[in-house]
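Come along and look things up with me.

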Amino acid sequence: MASERQVSRMIKQGFLSSDPALSFNLPSSTTPPQMKMVSNNGRSNRSLNNLSPPYTTTPVYPDHQNQTLFQIMSEEQNHQSKISKIMKEFEDLNCYGRGDVRLTVIGKDGHTRISMDVHKRVLLEKSGFFRDTLRGRDQGVVMQSVEISDCDDVEVYLETLVLMYSHDLKRRLMDEDVSRVLAFLKVSADIMFETGIESCLECLEAIPWSEDEEEKVVTQLSQLQLCDLAAEVLQRVSSEPSTSTRADDIFLRLLSGVMQAKDDKARREMRTLISRFFRENSSDHSNRLDVSKDSLYSLCHRCLSSLILCLSEVTGIDDCRVDRGVLMAQVAQEAENMRWIVDILIDRKIGDEFVKLWADQKELALLHSRIPTMYRHEISKITAQLCIAIGRGHILVPKDSRFSLLSTWLEALYEDFAWMTRSSRSVDKKLVEDGLSQTILTLPLLQQQTILLTWFDRFLSKGDDCPDIQKAFEVWWRRAFIRQYAAEQDSSHLQITVCDHPD
């Protein structure tokens, strides 16, 4: 009732027409746009045609009962402004004079209704839909009336009809955004406006898309089923089957390029970007792009060779001739590259083989011990990284591999711990200590004892320069001397008796 009173006041004030034809209607059902034809002939219709305006429109009545009079007026004015703009364009493009088809476009809500006089020759020439519908229906007819109902967007339908009169559709669409072009494309497909479809597709192929727009384009083109016509547009987001087979080579090239980069800032940025690619790829199981395990491990071997070469050069020349800055940069970059690849291996749950590979690097560990800590501590971060992953259960390897890892690299980790934690903000001291503790506690009790007693002596002499793994020491002590879980023989005997059951 409140809405009706507001409309009544608008009619009295002259904002809306009181023509009964513009009264409220029930919303139409959600069906595809429908077309209804009424052919008028006779003398009276000629007079009516001469007196009728080029176009007529009904006001847009809101569906919400709580809208204010100002909101209703604002929507109506906005609607009329858009229609006026469309009709002004139609007048500029129309070179055929008075129309001979009264075309009425009705919105899906049943309220919005726009009529305009268009030309049958244009409809027949431009639209396959109108060719099939109107051909052969002009015998003795002065004015044909066509209604298109249940339209999603009346203004877009109307504007698409006006586009039929344009002589340069591509130029006309240049100022439109992606959403608007998609709307024109949908209507063009509905009425089989071939030139409109081609021009919209040409426009979509050329203009940039945002990620949201890209999803809309792909979705709508697949819904419209334009097949070969849309193939060129979709080349921007789809690849030939052969591209997916080259994914491993592409990823390997990207990884190698980052590892060999000269600019530190660019290397960090691209490393972050590619790492995100891997995370996104691992979370999307349907994604075809991936890099093989063999390729990743080939990069690991390349890094190991480079580290051995760098450390060999350091130990093979006099200190006075060594540029310490250059040496530190080379070792740090190779170690950083190695940690990056190991992160990828851990994230993809294929880092188990690297634990054994790193544990077997006896030559590298020996070279490591011969150079100053300030040059080598970046290498010990790799050991810390593996201990954290093992301690969290992200890498599952046999106890022999775990013990071999610590046998080869634990002494180096102790020596470099102070430098490693104080010179880099990226190293979390507590995280390393917890990871090392958990790794040690996964070993057999006697191996725990050997490692922790050695640590005990070192901690007493080094203090904070040594990892604080007192919690692991406490757990070992309780296991060894308090709880003492003894392996007891199972004295129970399971007996199974088999007998025949009489029928």
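I began with strand pairing: two strands pair if DSSP finds at least two bridges between them. Strands (E, at least two residues) and helices (H or I, at least four) are DSSP runs, numbered from the N terminus. I noted that this is a predicted model, where local features need pLDDT of at least 70, side-chain atom pairs count only at pLDDT 80 or more, and totals for chains, interfaces and linings use all residues. Residues are numbered from 1 along each chain as its sequence is written, and side-chain values use heavy atoms, with hydrogens and water left out.

**Entry: a hairpin**

I looked up R102 and found D117 of β4 opposite this residue. Strand β3 (residues 101-107) runs antiparallel to β4, and six bridges join the two. Five residues lie between the strands of this hairpin, and in the turn I found G110 with a positive phi of about 80 degrees.

Is β4 mostly covered or mostly open? I found five of the six residues of β4 (residues 113-118) buried; buried means under 20% relative accessible area, exposed over 50%, and partly exposed in between (1.4 Å probe, protein chains only).

**Entry: aromatic rings**

How many aromatic pairs does a search of the whole structure find? I got 13. Rings of Phe, Tyr and Trp (its six-membered ring) pair if their centres lie within 6.5 Å; planes under 30 degrees apart count as stacked, over 60 as edge-to-face and the rest as tilted.

One of the pairs is W455 with F459, which is stacked at 5.0 Å centre to centre, with 25 degrees between the planes. Both belong to helix α22 (residues 445-462), and because they are four residues apart, about one helical turn separates them. I also checked W455 for cover: this residue is buried, at a relative accessible area of 3%.

Next I turned to F473 and W476, whose planes meet at 55 degrees with ring centres 5.3 Å apart, so this pair is tilted. They sit three residues apart in helix α23, so about one helical turn separates them. Both F473 and W476 are buried.

Stepping back, I saw ring pairs linking W455, F456, F459, F473, W476, W477 and F481 into a cluster.

**Entry: F481**

I followed F481 along helix α23 (residues 470-483). F481 is partly exposed, with a relative accessible area of 43%.

**Entry: a charge and a ring**

Last, I found the charged end of R236 over the ring of W209, 3.9 Å from its centre. For this, NZ of Lys or CZ of Arg must be within 6 Å of the ring centre and within 35 degrees of the ring normal.
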